[in-house]
There are 2 protein chains.
Amino acid sequence: MDQSDFNLSHQNQSTESKIVASLERISQAFRVLLWQESKEFALSPIQIQVLIFLLNHSDEKRKVSYLADEFNMTKATISDTVKTLEQKNLITKEHEPHDTRSYIIHLTEKGKDIAEKTSFFSKEIRTPIDNLSAENKENLLLNLIGIIKHLNNSGVITIQRMCMTCAYFQLSDQDNQPYCKLLNQTLSPTKLRVDCPEHKPKA
Amino acid sequence: MDQSDFNLSHQNQSTESKIVASLERISQAFRVLLWQESKEFALSPIQIQVLIFLLNHSDEKRKVSYLADEFNMTKATISDTVKTLEQKNLITKEHEPHDTRSYIIHLTEKGKDIAEKTSFFSKEIRTPIDNLSAENKENLLLNLIGIIKHLNNSGVITIQRMCMTCAYFQLSDQDNQPYCKLLNQTLSPTKLRVDCPEHKPKA
DNA sequence: CTCACATAGTTAGGACAACTACCTTTGTGA
DNA sequence: TCACAAAGGTAGTTGTCCTAACTATGTGAG
């Protein structure tokens with residue numbers, strides 16, 4: 001058989017296209033896993049995502065508007081979701097005296113419990129990553145961070161909590177290494193954060 | 001300030017966790033980009049995905065059941081989607097004589113046109129990848145393929161079209177290199193396919 | 001000080017996604 | 001030939017996520 005038989009246009013694919021295709025497949029896996037998890041707990045995907053987010057983030061991020069940005073949805077959608085979660089007794093609202101318009105969302109015991117259980121929904125994706133060599137992990141992370149940085153800059157992803165887009169981040173003058181002005185330390189690849197609680201967006 | 005102030009539990013994150021978080025962020029980007037594209041063309045995300053898929057795949061894959069597996073949805077959902085696309089004159093159905101139950105889905109001119117235009121929806125993700133070094137690209141691809149392979153094996157992703165899950169694939173006896181028995185050639189990293197038209201699932 | 005504007009969140013209404021359950025027709029193999 | 005599997009479709013439901021319009025509260029310029 002002539003080998004050119006196999007050279008269908010989309011198969012002569014560049015490495016870049018294959019990377020995009022792979023990322024797309026992995027995206028699908030996240031969707032599938034989240035969906036499975038949501039059926040198990042009788043919650044919607046977005047409800048689970050909100051619960052998990054609340055488990056890991058500080059007060060000023062536990063608000064409707066922030067969540068809307070975080071998940072690229074409208075405030076209306078998040079407002080609905082929060083209402084539902086409240087009816088299910090998974091969260092409570094804490095109104096602050098200095099701004100009565102907004103409130104902080106807190107997990108109830110039950111909510112925390114579910115959030116912890118569901119936060120492992122991506123364990124299937126984690127397993128193969130655990131098995132990579134340390135060097136491979138570092139490399140992979142750096143490459144992914146590079147992609148996200150670009151997505152941040154181009155406005156596809158609005159929320160920014162990683163070092164590369166932080167006001168405290170710089171390349172040190174001496175050796176051009178990533179450096180955090182808040183922590184006062186050089187950031188080796190494994191120290192780079194993708195979800196830093198101290199993140200301050202660049203001006 | 002004491003440095004331990006920053007060591008919030010979720011911030012002492014392992015490299016693996018950060019990789020998962022990064023992949024999750026990129027997944028979100030795909031969702032956002034697809035959603036933007038769908039608004040622009042007055043189509044739903046799944047409709048666009050189906051159109052793009054039809055652009056690139058052969059007849060035996062252009063059927064309702066295959067699409068349902070491909071996108072991890074029920075046949076009912078795809079059936080609906082196809083009906084809508086037909087009403088919009090973007091696809092036609094070709095019934096085959098030897099099995100009148102099923103049919104092949106073809107793009108109309110208009111459908112092909114839209115499929116080609118929307119197939120670039122992920123260009124924002126591609127740009128930063130283009131800028132990586134050749135070695136980095138190869139490395140990244142191999143790591144992603146490793147993850148997908150695991151997701152295939154564990155059943156999260158049902159459809160398989162990549163070399164690692166193919167009956168024609170083996171590690172050659174001499175040098176343990178990936179080898180394709182159909183193409184009769186060694187598969188260097190850049191030759192590994194993620195969406196091969198000749199893919200034959202392992203028994 | 002006040003008035004226009006911005007911001008936080010909510011409500012209502014609608015399009016559509018995607019499911020389950022059930023059905024028809026057709027193919028297949030013991 | 002007859003039971004069963006496979007391809008696809010229909011109906012009805014639930015939930016997502018949007019837009020548009022709204023309330024109420026904070027803010028800042030003149």
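In strand E5 of chain B, B:Thr186 is the bridge partner of B:Tyr179. The structure is a predicted model. Chain A can be laid on chain B by a turn of 180 degrees with a shift of 0.0 Å along the axis, giving an RMSD of 0.0 Å. The two copies are thus related as by a two-fold rotation axis.

**Sheet in chain B**

- Three strands of chain B form an open sheet in the order E3-E4-E5, and their pairing is antiparallel.
- Strand E3 (169-171) and strand E5 (185-186) of chain B stand at the edges with a single partner strand each, so one side of each has no neighbour in the sheet.
- Strand E4 (residues 178-180) of chain B pairs with E5(B) in the antiparallel sense, over two bridges.

- Chain A is laid on chain B by a turn of 180 degrees, and the C-alpha of chain A nearest the axis is that of A:Ser27, 2.2 Å from it.
- The same surface serves both copies, since 100% of the contact residues of chain A recur in chain B.
- Contacts between the chains involve 58 residues of chain A and 58 residues of chain B.
- On the side of chain A that touches chain B, the elements giving two or more residues are helix H1 (15-41), H6 and H7 of chain A.
- H1(A) supplies the largest share of that side, 17 residues.
- By class, the side of chain A that touches chain B has 28 nonpolar, 18 polar and twelve charged residues.

**Helix H7 of chain A**

- Helix H7 (residues 134-153) of chain A has 20 residues, which at 1.5 Å a residue should span 28 Å; its end C-alpha atoms are 29 Å apart, in agreement with this.
- The buried residues of H7(A) include A:Leu140, A:Leu141, A:Leu144, A:Ile145, A:Ile147, A:Ile148 and A:Leu151.
- Also among the buried residues of H7(A) are A:Lys137, A:Asn143, A:His150 and A:Asn152.
- Within chain A, the buried residues of H7(A) pack against helix H6 (123-130).
- In chain B, the buried residues of H7(A) pack against helix H1 (15-41), helix H6 (123-130) and helix H7 (134-153).
- A:Gly155 follows H7(A) and has a positive phi, near 85 degrees.

**Helix H1 of chain B**

- The 27 residues of H1(B) should span 39 Å at 1.5 Å a residue, and the end C-alpha atoms of the helix are 39 Å apart, which agrees.
- B:Ala42 follows H1(B), and its phi is positive, near 55 degrees.

**Surface near DNA strand D**

- DNA strand D is surrounded by 22 residues, of which the closest are A:Ser44, A:Ala76, B:Ser65, B:Ser79 and B:Ser102.
- From chain A, helix H2 (45-56), helix H4 (75-87) and strand E2 (99-107) each supply at least two residues of the surface near DNA strand D.
- From chain B, helix H3 (64-70), helix H4 (75-87) and strand E2 (99-107) each supply at least two residues of this surface.
- H4(B) gives the largest share of the surface near DNA strand D, five residues.
- The residues of the surface near DNA strand D divide into seven nonpolar, eight polar and seven charged.

**A:Glu70**

- A:Glu70 lies in helix H3 (residues 64-70) of chain A.
- With 19 other C-beta atoms within 10 Å, A:Glu70 is partly exposed.
- Neighbours within four places in sequence aside, A:Glu70 is in contact with A:Phe53 and A:Ile159.
- A:Glu70 and A:Ile159 are 89 residues apart along the chain, and their C-alpha atoms are separated by 5.7 Å.

Methods: Residues are numbered from 1 along each chain as its sequence is written. Chains are lettered from A and ligands numbered from 1 in the order in which they are written. This is a predicted model: local features need pLDDT of at least 70, side-chain atom pairs count only at pLDDT 80 or more; totals for chains, interfaces and linings use all residues. Copies are superposed by least squares on the C-alpha atoms of residues with pLDDT of at least 70 in both. Two residues are in contact if their C-beta atoms, placed from the backbone, lie within 7 Å. Helices (H or I, at least four residues) and strands (E, at least two) are DSSP runs, numbered from the N terminus. The expected span of a helix is 1.5 Å times one less than its number of residues. A residue is buried if 20 or more other C-beta atoms lie within 10 Å of its own, exposed if 12 or fewer, and partly exposed in between; C-beta atoms are placed from the backbone. Ala, Val, Leu, Ile, Met, Phe, Trp, Tyr, Cys and Pro count as nonpolar, Asp, Glu, Lys and Arg as charged, and the others, Gly among them, as polar. Two strands pair if DSSP finds at least two bridges between them. A residue is near a molecule or strand if its C-beta atom, placed from the backbone, lies within 6 Å of it.
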